Amino acid sequence: MARAVTPGSRQPWLGFAASVLVQVAGGTGYTFPLYSHSLKKAMGYKQRQITLLGVANDFGENFGIIAGLLCNRFPPWSILLVGATCCFLGFGALWSAVSLTFPNLHYWLLWLALCIATNSSAWFGTGVIVTNLRNFPHRRGTVAGILKGYAGLGGAVYTILYTSVLHGSSTKLLWFMTVGVPFVSLATMFFVRPFVPPLETNHPSEQRHFMFIQIASFFLGIYILVYTIVDYLLPLSDAVISVLFGVMILLLFAPLAIPIKMTLFPSRTEDDNTEENEPLLAASSSSNDPGDAQENDEAFDLNALLAEEESGTRRRRPRRGENFEFHQALIKADFWLLFMAYFLGVGSGVTVLNNLAQIGVAAGLEDTTLLLCIFSFCNFVGRIGGGSASEYLARSRSVSRTIWMTATQAIMVIAFLLYASDINGTLYVSTGMLGVGYGVQFSVMLPTVSEIFGLKHFGLLYNFMLLGNPLGAFLFSGLLAGYLYDKEAAKQLPDSSTCLGPNCFRSTFLFLAGMCTLGSLLSSILSTRLTSVYQNLYAAGSPRTPRAPLR
């Protein structure tokens with residue numbers, strides 16, 4: 001059961017620190033380029049088959065509808081437990097294929113195994129993001145940006161693990177994800193708990209703590225980028241690698257400094273004994289029934305939402321900024337404008353991510369590890385920066401968050417045109433630009449959904465939005481990019497599965513530039529529609545939305 005907490009309490013921060021570790025461990029969806037070539041070689045697949053496996057990777061990672069439905073009915077630890085199980089079973093099957101333990105696994109069985117493996121990320125993400133947005137409802141953009149940022153940074157962490165510690169062994173990487181990731185989830189899942197947030201919205205320590213985590217995460221990202229570049233350029237001994245990797249692990253645990261500090265140096269506002277014994281909600285004057293108290297918590301103004309008539313009680317339709325039922329959100333134009341803008345942005349970005357290794361090879365790179373690390377780091381910067389910047393402008397100037405989708409998709413258009421032009425020296429620059437734009441889409445979409453349609457069914461609504469990612473991967477990557485790549489490879493050498501030169505992806509890049517142009521237009525329309533909504537929500541500098549039901 002959720003517990004009430006006072007301002008400055010350490011329990012939500014301990015859960016937030018545990019959530020960071022879960023998100024990093026759950027960044028397995030970004031590792032597909034690290035072992036896709038091994039699958040291709042071991043199983044004798046063509047590029048289009050690998051591209052369709054990339055679709056399975058994205059579909060599993062983003063199919064969180066079931067997790068979204070269950071997160072309001074079961075505690076977070078059970079959601080994380082399901083994620084750990086999916087991770088063990090799915091990556092275990094992939095390991096058995098790459099290691100040739102079971103060399104004759106059918107293609108569609110591997111496709112399903114990859115879906116199950118990366119679906120663990122959806123369970124992990126739903127468990128920690130829904131819980132923490134409810135624990136910190138007044139810092140939604142910041143919370144979403146940090147958690148999604150660490151998830152994106154997980155790709156770079158796995159890249160270092162793969163190249164430095166595991167010496168480029170796909171088999172060892174898949175074994176680690178089979179065993180190591182479930183272990184992290186099991187070790188942390190009981191710390192991720194829901195709390196009834198305090199009524200105080202601007203406790204001074206809250207902003208300082210989030211600032212510390214943002215600085216620590218950014219420093220971690222810089223450290224990982226420098227580490228990767230040094231490892232790429234210079235031969236490092238195993239001893240040096242062990243020390244550098246150990247420092248990275250310590251930086252991953254930096255958010256734990258907050259609850260440790262609050263334990264050793266408690267502030268005057270903390271009263272742990274009271275927190276442990278407080279009921280879920282204070283008893284109301286009209287009822288002592290916990291069910292009634294929860295209903296009072298779910299509604300922004302119960303008297304305004306219910307109209308008593310002779311025929312019975314009838315609920316009016318919610319306004320934007322209040323709690324929507326799922327079916328009520330589905331008939332709103334704002335919902336589909338946000339979905340389409342998000343789908344076009346992340347669908348275009350994930351197409352490049354899934355084919356990044358082949359893009360690098362086509363451009364003449366022998367080792368694409370640095371390219372993947374640059375994308376992961378810039379993706380992380382986009383998520384952290386997008387969440388923080390949109391939070392600041394929403395609070396200070398009531399600016400719609402989706403304006404950031406408009407701006408960054410315009411940047412993605414430029415990146416795709418640079419890719420297509422094949423100008424010398426622009427490959428890494430365009431990859432970085434695309435990574436930033438891709439990351440911003442996530443950190444903007446999450447809080448926007450909660451602000452427009454409420455926190456009550458946020459888990460289901462945001463997981464529905466996430467379907468834009470695998471849908472884009474299927475249409476843009478599976479059906480388009482893979483087909484055009486194999487067609488160009490056949491022109492160069494019949495029966496070849498490798499394509500070299502700018503023509504391998506040029507048509508794909510031009511198409512994706514057009515999709516991002518359309519996405520930028522749709523998000524600008526949505527931003528205009530939401531102007532009055534954000535002015536109402538943030539008129540006092542803090543979101544004026546109902547508190548979420550906690551279970």
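Predicted model: local features only at pLDDT ≥ 70, side-chain atom pairs only at ≥ 80, totals over all residues.
1. A151 touches Q23, G27, Y30 and R383, leaving aside residues up to four places away in sequence; contact here means heavy atoms within 4.5 Å. A151 lies in helix 7 (residues 140-165), where helices (H or I, at least four residues) and strands (E, at least two) are DSSP runs numbered from the N terminus. With a relative accessibility of 8%, A151 counts as buried; the classes are buried under 20% relative accessible area, exposed over 50% and partly exposed in between, with a 1.4 Å probe and protein chains only.

2. Residues are numbered from 1 along each chain as its sequence is written, and side-chain values use heavy atoms, with hydrogens and water left out.

3. The secondary structure of the protein comes to 24 helices and 4 strands. Of the 551 residues, 60% are buried. Among contacts between residues at least 6 apart in sequence, 84% join residues at least 24 apart.

4. A216 is a further buried alanine, with a relative accessible area of 14%. A216 belongs to helix 9 (residues 204-233). Not counting residues up to four places away in sequence, A216 touches Y150 and A254.

5. What angle do the axes of helix 19 and helix 23 make where they cross? The axes of helix 19 (residues 403-421) and helix 23 (residues 506-529) cross at roughly 165° and come within 8 Å; axes are lines fitted to C-alpha atoms, for helices over the stretch in contact, and angles run from 0 to 180 degrees between N-to-C directions. Helix 19 is therefore roughly antiparallel to helix 23, on a scale where angles under 35 degrees count as roughly parallel, over 145 as roughly antiparallel, 65 to 115 as roughly perpendicular and the rest as oblique. The crossing of helix 19 and helix 23 is left-handed; this term applies if the near helix is turned anticlockwise from the far one by less than a right angle, and right-handed applies if clockwise.

6. On the helix 19 side, the contact with helix 23 includes M405, Q409, M412, V413, F416 and A420. On the helix 23 side, the residues include R506, F509, A513, C516, S520 and S527. By class, the residues of this contact divide into 14 nonpolar, 9 polar and 1 charged. Ala, Val, Leu, Ile, Met, Phe, Trp, Tyr, Cys and Pro count as nonpolar, Asp, Glu, Lys and Arg as charged, and the others, Gly among them, as polar.

7. Helix 18 (residues 369-397) and helix 20 (residues 427-453) have axes that come within 6 Å and cross at roughly 35°. Their crossing is right-handed. The residues of the contact of helix 18 with helix 20 divide into 13 nonpolar, 9 polar and 1 charged.

8. Helix 21 (residues 458-466) and helix 22 (residues 468-492) pack at an angle of about 15°, with axes 4 Å apart. That makes helix 21 roughly parallel to helix 22. The contact is made by F464, M465 and L466 of helix 21 and G468, N469 and P470 of helix 22. It has 4 nonpolar, 2 polar and no charged residues.

9. Helix 2 (residues 32-43) has 12 residues, which at 1.5 Å a residue should span 16 Å; its end C-alpha atoms are 15 Å apart, which agrees. The expected span is 1.5 Å times one less than the number of residues. Helix 2 is mostly covered, with 9 of its 12 residues buried, among them F32, Y35, L39 and M43. Just after helix 2, G44 takes a positive phi of about 70°.

10. Most residues other than glycine have a negative phi. H167, not a glycine, has a positive phi of about 55°; H167 sits in the loop between helix 7 and helix 8 (170-188) and is exposed, with a relative accessible area of 53%. D422 likewise has a positive phi, near 55°. D422 lies in the loop between helix 19 and helix 20 and is partly exposed at 40% relative accessible area.
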